[in-house]
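Open the model in your viewer and keep the selection panel at hand. The stops below move from a single helix out to the whole chain.

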Amino acid sequence: MTTLTVPATRAARGAALAAGPSAVISLALTVAAIAQGGDNAEIARSPLGIAAAVVGLLSLIALAVALVDFLGRTDRFATGLGRPAWLLALIGTIMTAGGQWDAVFLVPGLAAKAPQIADTGLDTTTAGYLLSFALLALGWIAVAVVFVRARVRPAWLMVVGAVLCLGPLPVRWFVLAIAVSLVGGRSR
(Lines give C-alpha, C1' and ligand atoms only; values in the text may rest on other atoms or scores of the structure.)
Protein backbone atom coordinates (compact mmCIF):
# COMPACT_ATOMS: atom_id res chain seq x y z
CA MET A 1 0.00 0.00 0.00
CA THR A 2 1.33 3.44 -0.93
CA THR A 3 1.98 5.75 2.01
CA LEU A 4 0.74 9.32 1.71
CA THR A 5 3.06 12.20 2.48
CA VAL A 6 2.63 14.09 5.75
CA PRO A 7 1.25 17.30 4.11
CA ALA A 8 -1.33 15.22 2.21
CA THR A 9 -2.52 13.46 5.35
CA ARG A 10 -2.62 16.74 7.30
CA ALA A 11 -4.76 18.35 4.61
CA ALA A 12 -7.04 15.32 4.51
CA ARG A 13 -7.37 15.34 8.29
CA GLY A 14 -8.19 19.05 8.13
CA ALA A 15 -10.94 18.25 5.63
CA ALA A 16 -12.33 15.59 7.96
CA LEU A 17 -12.39 18.11 10.78
CA ALA A 18 -14.08 20.74 8.57
CA ALA A 19 -16.85 18.48 7.25
CA GLY A 20 -19.04 18.72 10.37
CA PRO A 21 -18.79 22.45 11.07
CA SER A 22 -19.44 23.29 7.41
CA ALA A 23 -22.52 21.02 7.43
CA VAL A 24 -23.76 22.79 10.58
CA ILE A 25 -23.31 26.19 8.89
CA SER A 26 -25.04 24.95 5.74
CA LEU A 27 -27.97 23.63 7.77
CA ALA A 28 -28.25 26.93 9.69
CA LEU A 29 -28.21 28.91 6.43
CA THR A 30 -30.82 26.56 4.94
CA VAL A 31 -33.11 27.01 7.95
CA ALA A 32 -32.63 30.80 7.77
CA ALA A 33 -33.46 30.80 4.04
CA ILE A 34 -36.60 28.75 4.64
CA ALA A 35 -37.59 30.99 7.57
CA GLN A 36 -37.50 34.04 5.29
CA GLY A 37 -40.38 32.44 3.44
CA GLY A 38 -41.15 32.01 -0.20
CA ASP A 39 -41.45 29.10 -2.54
CA ASN A 40 -38.60 26.83 -3.57
CA ALA A 41 -37.65 29.10 -6.48
CA GLU A 42 -37.36 32.15 -4.23
CA ILE A 43 -35.33 30.23 -1.66
CA ALA A 44 -32.98 28.87 -4.35
CA ARG A 45 -32.33 32.39 -5.67
CA SER A 46 -31.99 34.07 -2.27
CA PRO A 47 -28.52 34.99 -0.96
CA LEU A 48 -29.07 32.73 2.06
CA GLY A 49 -30.16 29.84 -0.17
CA ILE A 50 -27.14 30.23 -2.42
CA ALA A 51 -24.80 30.57 0.58
CA ALA A 52 -26.30 27.39 2.10
CA ALA A 53 -25.70 25.54 -1.16
CA VAL A 54 -22.09 26.77 -1.41
CA VAL A 55 -21.23 25.78 2.17
CA GLY A 56 -23.02 22.45 1.63
CA LEU A 57 -20.84 21.83 -1.41
CA LEU A 58 -17.74 22.60 0.68
CA SER A 59 -18.94 20.12 3.31
CA LEU A 60 -19.36 17.37 0.72
CA ILE A 61 -15.94 18.09 -0.78
CA ALA A 62 -14.53 17.84 2.76
CA LEU A 63 -16.23 14.44 3.16
CA ALA A 64 -14.60 13.19 -0.04
CA VAL A 65 -11.15 14.43 0.99
CA ALA A 66 -11.67 13.00 4.51
CA LEU A 67 -11.77 9.56 2.94
CA VAL A 68 -8.08 10.03 2.08
CA ASP A 69 -7.38 10.58 5.79
CA PHE A 70 -9.37 7.48 6.65
CA LEU A 71 -7.16 5.28 4.46
CA GLY A 72 -4.42 5.78 7.05
CA ARG A 73 -6.68 5.18 10.06
CA THR A 74 -6.82 1.41 9.84
CA ASP A 75 -5.26 -1.26 7.68
CA ARG A 76 -8.76 -2.70 7.22
CA PHE A 77 -9.21 -0.45 4.18
CA ALA A 78 -6.48 -2.46 2.42
CA THR A 79 -8.31 -5.79 2.59
CA GLY A 80 -11.74 -7.40 2.68
CA LEU A 81 -14.71 -5.05 2.84
CA GLY A 82 -12.46 -2.02 3.34
CA ARG A 83 -11.41 -1.20 -0.20
CA PRO A 84 -14.88 -1.58 -1.82
CA ALA A 85 -16.44 0.31 1.11
CA TRP A 86 -14.00 3.18 0.70
CA LEU A 87 -14.51 3.28 -3.07
CA LEU A 88 -18.32 3.18 -2.82
CA ALA A 89 -18.27 6.00 -0.25
CA LEU A 90 -15.99 8.04 -2.51
CA ILE A 91 -18.21 7.52 -5.57
CA GLY A 92 -21.39 8.32 -3.63
CA THR A 93 -19.82 11.42 -2.07
CA ILE A 94 -18.56 12.68 -5.43
CA MET A 95 -21.94 12.10 -7.07
CA THR A 96 -23.74 13.86 -4.21
CA ALA A 97 -21.29 16.77 -4.41
CA GLY A 98 -22.17 16.96 -8.11
CA GLY A 99 -25.81 17.31 -7.14
CA GLN A 100 -24.87 20.02 -4.66
CA TRP A 101 -22.89 21.78 -7.39
CA ASP A 102 -26.17 21.78 -9.30
CA ALA A 103 -27.84 23.52 -6.33
CA VAL A 104 -25.12 26.20 -6.38
CA PHE A 105 -24.85 26.93 -10.09
CA LEU A 106 -27.85 25.52 -11.97
CA VAL A 107 -30.91 25.70 -9.71
CA PRO A 108 -30.74 29.46 -8.97
CA GLY A 109 -30.63 30.21 -12.71
CA LEU A 110 -33.41 27.77 -13.48
CA ALA A 111 -35.46 29.17 -10.61
CA ALA A 112 -35.22 32.62 -12.19
CA LYS A 113 -36.15 31.48 -15.71
CA ALA A 114 -38.44 28.52 -14.98
CA PRO A 115 -39.61 28.67 -11.34
CA GLN A 116 -41.89 25.66 -11.77
CA ILE A 117 -38.81 23.47 -12.24
CA ALA A 118 -37.51 24.58 -8.82
CA ASP A 119 -40.82 23.43 -7.31
CA THR A 120 -41.39 20.19 -9.23
CA GLY A 121 -37.88 19.22 -10.36
CA LEU A 122 -37.00 17.17 -13.41
CA ASP A 123 -37.61 13.43 -13.38
CA THR A 124 -34.10 12.59 -14.57
CA THR A 125 -32.49 14.96 -12.06
CA THR A 126 -34.58 13.53 -9.24
CA ALA A 127 -33.52 10.02 -10.23
CA GLY A 128 -29.88 11.15 -10.23
CA TYR A 129 -30.24 12.69 -6.77
CA LEU A 130 -31.84 9.51 -5.41
CA LEU A 131 -29.06 7.34 -6.86
CA SER A 132 -26.37 9.67 -5.51
CA PHE A 133 -27.77 9.69 -1.99
CA ALA A 134 -28.30 5.91 -2.06
CA LEU A 135 -24.64 5.37 -3.02
CA LEU A 136 -23.52 7.95 -0.45
CA ALA A 137 -25.51 6.16 2.27
CA LEU A 138 -24.43 2.63 1.33
CA GLY A 139 -20.78 3.61 0.94
CA TRP A 140 -20.58 5.43 4.26
CA ILE A 141 -22.47 2.64 6.04
CA ALA A 142 -19.81 0.25 4.73
CA VAL A 143 -17.00 2.62 5.81
CA ALA A 144 -18.63 2.89 9.24
CA VAL A 145 -18.73 -0.90 9.51
CA VAL A 146 -14.99 -0.98 8.82
CA PHE A 147 -14.47 1.54 11.63
CA VAL A 148 -16.82 -0.33 13.98
CA ARG A 149 -14.80 -3.49 13.38
CA ALA A 150 -11.63 -1.46 14.09
CA ARG A 151 -13.28 -0.28 17.34
CA VAL A 152 -13.43 3.41 16.49
CA ARG A 153 -16.14 4.71 18.82
CA PRO A 154 -17.96 7.43 16.84
CA ALA A 155 -18.37 4.98 13.95
CA TRP A 156 -21.91 4.12 15.05
CA LEU A 157 -22.81 7.77 14.57
CA MET A 158 -21.55 7.40 11.00
CA VAL A 159 -24.04 4.57 10.48
CA VAL A 160 -26.89 6.76 11.77
CA GLY A 161 -25.71 9.69 9.63
CA ALA A 162 -25.40 7.53 6.53
CA VAL A 163 -28.91 6.14 6.99
CA LEU A 164 -30.27 9.68 7.39
CA CYS A 165 -28.80 10.47 3.95
CA LEU A 166 -31.70 8.46 2.53
CA GLY A 167 -34.33 10.79 4.02
CA PRO A 168 -35.85 13.87 2.42
CA LEU A 169 -34.03 16.30 4.69
CA PRO A 170 -32.19 19.52 3.94
CA VAL A 171 -28.45 19.00 4.34
CA ARG A 172 -29.19 15.31 4.84
CA TRP A 173 -25.48 14.54 5.30
CA PHE A 174 -25.42 16.76 8.43
CA VAL A 175 -25.09 13.93 11.01
CA LEU A 176 -22.68 11.99 8.79
CA ALA A 177 -20.41 15.04 8.45
CA ILE A 178 -20.39 15.55 12.22
CA ALA A 179 -19.47 11.88 12.71
CA VAL A 180 -16.68 12.18 10.14
CA SER A 181 -15.33 15.23 12.00
CA LEU A 182 -15.40 13.29 15.27
CA VAL A 183 -13.52 10.37 13.74
CA GLY A 184 -11.15 12.80 12.00
CA GLY A 185 -10.43 14.47 15.35
CA ARG A 186 -9.35 11.23 16.98
CA SER A 187 -5.62 10.70 17.12
CA ARG A 188 -4.25 7.78 15.15
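Begin by selecting helix H7, bearing in mind that this is a predicted model, and colour the buried residues of H7 so that their partners can be picked out: they pack against helix H3 (47–71), helix H4 (82–105), helix H8 (155–164) and helix H9 (174–185). The buried residues of H7 include Phe133, Leu136, Trp140, Val143 and Phe147, and Gly139 and Ser132 are also among them.

Just after H7, click on Arg151, where phi is positive, at about 65°.

Now turn to the largest pocket, which holds about 1100 Å³ of space. To find its centre, select Gln100, Ala103, Val107, Ala118 and Tyr129, which are the closest to that centre of the 37 residues that line the pocket. To see where the lining comes from, show helix H1 (6–35), helix H2 (40–45), H3, H4, helix H5 (107–113), helix H6 (115–120) and H7, each of which supplies at least two residues of it. If you then colour the lining of this pocket by residue class, it divides into 23 nonpolar, 11 polar and three charged residues.

What is Thr30 in contact with, once its neighbours within four places in sequence are left aside? Select Thr30, which is found in helix H1, and display the residues around it: the contacts are Ala52, Pro170 and Val171. The relative accessibility of Thr30 is 15%, and because the cut-off for buried is under 20%, Thr30 counts as buried.

Finally, zoom out and colour the chain by secondary structure, which shows nine helices and zero strands. The radius of gyration of the chain is 17 Å, close to the 16 Å that the globule rule gives for 188 residues, so the chain is as compact as a globular protein of that length. Along its principal axes, the C-alpha trace spans about 50 × 25 × 25 Å. With the whole chain still selected, colour by burial: buried residues make up 43% of the 188 residues. If you draw contacts between residues at least 6 apart in sequence, 76% of them join residues at least 24 apart.

Note on methods: Residues numbered from 1 in each chain as written. Predicted model: local features only at pLDDT ≥ 70, side-chain atom pairs only at ≥ 80, totals over all residues. Heavy atoms only, no water. Buried < 20%, exposed > 50% of the residue type's maximum accessible area, 1.4 Å probe, protein only. Helix = DSSP H or I, 4+ residues; strand = E, 2+ residues; numbered from the N terminus. Contact = heavy atoms within 4.5 Å. 1 Å grid on protein atoms, 1.4 Å probe; cavity = no way out; pocket = protein on both sides within 12 Å on 5 of 7 lines; lining within 4 Å. Points joined across faces, edges and corners; volume = space filled by probe spheres on them. Nonpolar A, V, L, I, M, F, W, Y, C, P; charged D, E, K, R; others polar. Rg over C-alpha atoms; globule rule 2.2 N^0.38 Å.
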